[in-house]
Amino acid sequence: MGMKRGKIFKSSWPRAVARKWLNFPADKQAFPSDFVAQERRKSCSDLDSCAVVPEDIGVERWSIEKTRGLRVNPSCSESLDLRMLVGTWNVGGKAPKEGLSLRDWLNSPTPIDIYVLGFQEIVPLNAGNVLGAEDSGPAAQWLSLIHQALNTDGIGSPTSNSQQQAPQKPRQSFSDLLALEDDNWSGETGMCTAGNKAMRRRQYCLAASKQMVGIFLCVWVEADLYKHVLNLKISSVGRGVMGFLGNKGSVSISMTLHGTSFCFVCTHLTSGEKEGDELKRNSDVTEILKKTRFSHSCRATSEAHPLPPETILDHDKVIWLGDLNYRLSTGCGETYELLRNNDWQALLEKDQLKLEQRAGRVFKGWEEGRIEFAPTYKYITNSDHYVALTSNSKPSKEKRRTPAWCDRILWRGLGMKQLWYVRGECRFSDHRPVYSLFSVRVDSAATNSIKPSIDAALPSLCAAAKIQAEELLLKAETIDTSLQ
């Protein structure tokens with residue numbers, strides 16, 4: 001059976017490589033998602049919705065004020081204040097090791113409604129991975145790890161009062177936030193203590209995920225919001241070898257939630273710290289904005305029901321995350337002295353992204369939060385030391401890159417407020433992860449109702465992420481066996 005599956009895969013390898021080289025657009029159903037096609041509506045009024053309501057959910061609805069975790073704006077009965085955690089991490093071509101914890105990356109002292117998680121270099125950027133068929137094994141491992149963290153470990157979910165622990169001593173990282181407590185929340189456990197009543201543990205479903213070589217993006221939605229996600233689309237743009245292969249470029253996911261369109265763009269831009277390399281990164285951004293397209297087969301039925309957005313900038317709210325690779329345009333001696341003194345603000349005056357943005361050459365109209373953390377690149381793996389500041393580091397093994405804030409999160413759109421912009425301290429790769437918490441306002445008459453018995457459907461809905469990850473792992477193992 002294993003050999004048979006392996007042969008089938010090998011026979012399709014040339015086709016997969018051809019599609020990859022020619023950058024053919026993926027079919028709208030060709031990405032992992034928890035949306036199960038048990039019942040599909042076919043009319044154009046559905047606006048190419050990829051979100052299908054399973055039969056076991058039913059049609060009954062209930063008042064959104066009873067929905068756990070969804071904050072209703074008292075000034076407007078049709079406004080929701082959602083919490084969205086966005087994270088980006090270049091993992092240096094390494095698959096997640098056994099026992100790797102995502103707690104410091106995914107946890108939050110307030111319940112999260114949407115997780116947007118982007119990775120770069122989930123596979124080594126060698127010729128085989130860039131030119132050959134996609135290696136989906138590491139992506140499946142990350143999906144499985146995230147699913148376990150969100151739905152089994154209870155990260156970002158309220159827990160019982162009996163599990164509350166004393167807050168830890170504050171530190172200068174995201175862990176500080178986990179130790180903070182406001183009137184209702186214990187940051188260490190994510191537990192709501194308002195009125196001495198513990199809220200139920202949240203469940204999260206995989207809305208969509210997509211890999212292009214080493215770039216990987218996944219979006220997880222809290223289950224009470226799950227059925228309101230529509231018009232899921234993906235688009236990938238290669239900007240690597242020969243200007244179009246996928247070792248560099250972008251993966252984007254478009255979706256509509258309660259009538260508000262979102263676009264998440266995960267990128268890995270051109271590397272290098274030579275003079276003029278920043279212009280190549282600017283060009284990458286321009287081409288990604290120009291070439292990213294979300295196709296729709298139906299026409300708009302009315303002004304009240306227009307087509308979903310086709311381009312990145314057509315969306316109501318956009319998040320751009322990833323390893324943007326912008327460096328510091330300053331002399332090494334001056335940089336190292338500022339680094340030793342932890343003078344981040346002086347260093348940021350030489351940050352290429354800020355300089356290019358101020359000059360109007362890239363990201364016009366985009367926002368980025370205030371950076372108050374150390375540069376995220378380049379570290380000696382499994383240490384807290386920058387390669388460039390380590391006298392005994394060997395250039396033949398470690399590229400002596402000047403430390404820089406390569407890993408960034410930007411946004412545009414009304415009704416978005418950044419609450420935190422911080423970095424993690426996991427030593428897994430030569431980059432530190434970066435993440436941000438957003439308050440996102442969604443206005444729609446559709447927010448007045450939500451299904452009452454969705455909890456009963458959670459096992460069948462959210463288990464799909466785990467099953468899909470296990471299937472991809474099995475597929476990868478089968479391929480390895482057949483090629484031996």
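Modeller: Let's start with S436, which sits in strand β15, residues 434-443. Helices (H or I, at least four residues) and strands (E, at least two) are DSSP runs numbered from the N terminus. Keep in mind that this is a predicted model, with residues numbered from 1 along each chain as its sequence is written. Local features need pLDDT of at least 70 and side-chain atom pairs 80 or more, totals for chains, interfaces and linings use all residues, and side-chain values use heavy atoms, without hydrogens or water.

S436 has a relative accessible area of 1%, so it counts as buried (under 20%; exposed is over 50%, partly exposed in between, with a 1.4 Å probe and protein chains only). What does S436 touch once its neighbours within four places in sequence are left aside? The list is M84, L85, V86, I409, Q418, W420 and Y421, where contact means heavy atoms within 4.5 Å. Across the chain, 73% of contacts between residues at least 6 apart in sequence join residues at least 24 apart.

Now for the charged side chains. D443 and R441 form a salt bridge at 3.2 Å, N to O (a Lys or Arg side-chain nitrogen within 4 Å of an Asp or Glu carboxyl oxygen). D443 comes out partly exposed at 40% relative accessibility, and R441 is partly exposed too, at 36%. Salt bridges with shared partners also tie D384, R423, E425, R427 and R432 into one network. Inside that group, R427 pairs with D384, their closest N and O atoms lying 2.5 Å apart. That pair links distant parts of the chain, 43 residues apart: R427 is in the loop between β14 (416-423) and β15, while D384 is in the loop between α10 and β13 (407-412). Both ends are partly exposed, R427 with a relative accessible area of 40% and D384 at 41%.

The structure holds 20 salt bridges, and another of them is found in helix α7, where E287 and K291 lie four residues apart, about one turn. Their side chains meet at 3.5 Å, N to O. E287 is buried, with a relative accessible area of 15%, whereas K291 is partly exposed at 44%.

While we're on α7 (277-291), its buried residues include D277, R281, V285 and I288. The buried set packs against β9 (229-238), β10 (249-257), β11 (260-268), β12 (317-323) and α10 (352-358). Of these, β9 has nine of its ten residues buried, so the rest of the structure largely encloses it. β9 and β10 run antiparallel, joined by eight bridges, and L230 stands opposite T256 of β10. M242 lies in the loop between those two strands, and with a relative accessible area of 58% it is exposed.

Stepping back, the chain has eleven helices and 16 strands. Buried residues make up 55% of its 484 residues, and S436, where we began, is one with a relative accessible area of 1%.

Notes:
Two strands pair if DSSP finds at least two bridges between them.
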